[in-house]
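Let's take a walk through this model, picking out a few residues and looking at where they sit and what they touch.

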Amino acid sequence: MRKYNLIVIGAGPGGYVAAIEAAKLGKKVAVIEKEKIGGTCLNVGCIPSKAYLKHANWVEELEEANRFGINNQVTTIDYPKLVERKDGVVNQLQQGIHYLFKEHNIDYIEGEASLKSKHEVSVNGKSLETDFILLATGSKPFVPPINGIDTVNYLTTDTFFDLKELPKKLAIIGGGVIGIELAFAMAPLGVEVSVIEVAPSILMTEDKEATAIIKNQLKKMGVKLIEGATINQVTQSSMQLPDQSIDFDKLLVVTGRRGNLEILDSLSITKTANQKFVEVNRFYQTSVDSIYAVGDIVDGFMLAHAASKEGIKAVRHMFADKEAPLKNEQVPRCVYTHPEIASFGLSENEAKEKGYDVLISKTNYSANGRAIAGNETTGFVKIISEKINHEILGGVIVGANATEMIHTILAVKESEGRLEEIEKMTFAHPTLSEMIGELASEMIF
C-alpha cells in the first residue's frame, strides 16, 4: 500500500493549490480527481467565462472605435473559432497545473475516490494510506423545481461552454454573478438575451448603486431583464410568466450551486445543520481529526480564490504554523461585467449593524483624467471607513479595471493601515488608481 503524508481529493483551486503548498513543505502528496484537472473554475467557470467576456469586449471596442472615427464593420462571427480559443486557454492552464505537480513530485491520479477510513483512501481498486486527507470536491449546479424543467433540454454552466453554435435567443434563469456575466458575454455577439430573476433584483449581494449601473448597461445592450419573476412553466422553446411569454432556442439555468458531499457518508462526517456543507472548525478540520475540507463544500464564499487560501491554511495547520481562518471580510468579490464590480468587507448597513460610526465617501470615474481619456467614465470608487480612527471597513469599485484596483485598498486594510496610509501614498498620474488616493484625502480632511 502506497503511503502519503497528504491525499487531496479534488483538483480544483482548493485542491491543487493546497497540494503544492504541502509539497513545498516537504511532504509526499497525491491528488485524486474524477473529472478534469482544474475543477469547475478552470473548465466550466471562471476561466471560460472570462474568455467569452473578452470576445464580447472586442466587439464593444470596435463599436466604440466607430463612434470616434475609426471606421470598421463586423461582418461575421466565427463562433466555433471563439470556442476553439477558449479551449486553448483552458488547455494551457491545465498543462500548467500538470507541470506544477511534476515539478513538486505530486502524484496525480485520475479516478473516483472513496474514504475507507480516516487514513485510507480507495481509488481505481487500489488503497492508499495517508496521514491526512483534504476534501476539495467542489460543487455542482443547483436546478430548482421549475414546472416543466424536466422535459426541457436546458443548459447549466457544466454544458454551456460546449455549445458550438451561437444561440439566436438565449434565456437565462438566474440573475446572480454567473448569469449576468454570461449575459454580458453573449449580447454583444448579437444574441437576443433575456434574464429572468425570481428575487426582487439581480446581483442581490452587490452594492445597490453598483447594481443600478449594471442594470443600465444591460438595458443599453438590449438585454431583456425581468426581476421578481414568477415562472409558471417552461417548455422546449418558451417560458411562461403570468403576464408574458419568453421565447428562446437555448435555456441556461444558473440558480446557484450545491457542494459535492457524497464522499462524506462512508465515514459519517458531520454536516452543518442545514445539511448543505461539511462542518469544520476554524482550521478546516472536520469531525474526523485527520480529514479537512475546503472550498465549495464548507460554509463560506464559493469563490476560487477563497478555496485556494482555505487550502493553504488547512495544510499549514497540518504541517506548519497554524493560521487564523479566512474571514469573509478579507475576500475580494468580483463581477466581470462591463464595467466591472469589485468589493470587499462590510457594506454601509453591515458596518452600522456592527456598531461602527461610519464614514463613507465616493468619487466618480467621470472626474478622472485617465477615465476621460480612455472613454471609461462609467463608475465610482467608494470607501467605507470608521469615522474616528479611519479604520477601513470595506470598499466598492465599479468601473474599468475595478477587479485589479480593489486590491490597493484591501492591501492597506490587511496591513492594518488606515485612510492616512492611503493618503500618504504617491499615485501615478494619470491613472485610475489615483482616485483611491484622492478619495482617502477627501475623507480625512
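**Starting at lysine 50**

Lysine 50 has a relative accessible area of 25%, so it counts as partly exposed, since that label covers the range between 20% and 50%. Keep in mind that this is a predicted model. You'll find Lys50 in helix α3, which runs over residues 46-67. Leaving aside residues up to four places away in sequence, Lys50 touches Glu181 and Tyr336.

Why start there? In the UniProt record, an unreviewed entry, the annotation "binding site" covers Lys50, along with Thr137, Gly138, Ser139, Asp296, Met302, Leu303, Ala304 and His305. Those positions are spread over 256 residues of sequence, and they're spread in space too, with up to 22.8 Å between C-alpha atoms. Lys50 is included among the residues lining the second largest pocket.

Now hop to another annotated position, His305. His305 belongs to helix α8, residues 304-319. Its relative accessibility is 38%, so His305 is partly exposed. Setting aside residues up to four places away in sequence, His305 is in touch with Val331 and Pro332.

Back in helix α3, have a look at His55. Is His55 buried or exposed? With a relative accessibility of 3%, His55 counts as buried, because the cut-off for that label is under 20%. As for partners, once residues up to four places away in sequence are left out, His55 touches Leu82, Arg85 and Leu189.

Key
Residues are numbered from 1 along each chain as its sequence is written. This is a predicted model: local features need pLDDT of at least 70, side-chain atom pairs count only at pLDDT 80 or more; totals for chains, interfaces and linings use all residues. Side-chain values use heavy atoms; hydrogens and water are left out. UniProt positions are given in the numbering used here, feature names are shortened, and annotations may be inferred rather than shown by experiment. On a 1 Å grid over the protein atoms alone, a cavity is a set of points where a 1.4 Å probe fits but cannot get out, and a pocket is an open set with protein on both sides within 12 Å along at least five of seven lines; lining residues have an atom within 4 Å of a point. Helices (H or I, at least four residues) and strands (E, at least two) are DSSP runs, numbered from the N terminus. Buried means under 20% relative accessible area, exposed over 50%, partly exposed in between (1.4 Å probe, protein chains only). Contact means heavy atoms within 4.5 Å.
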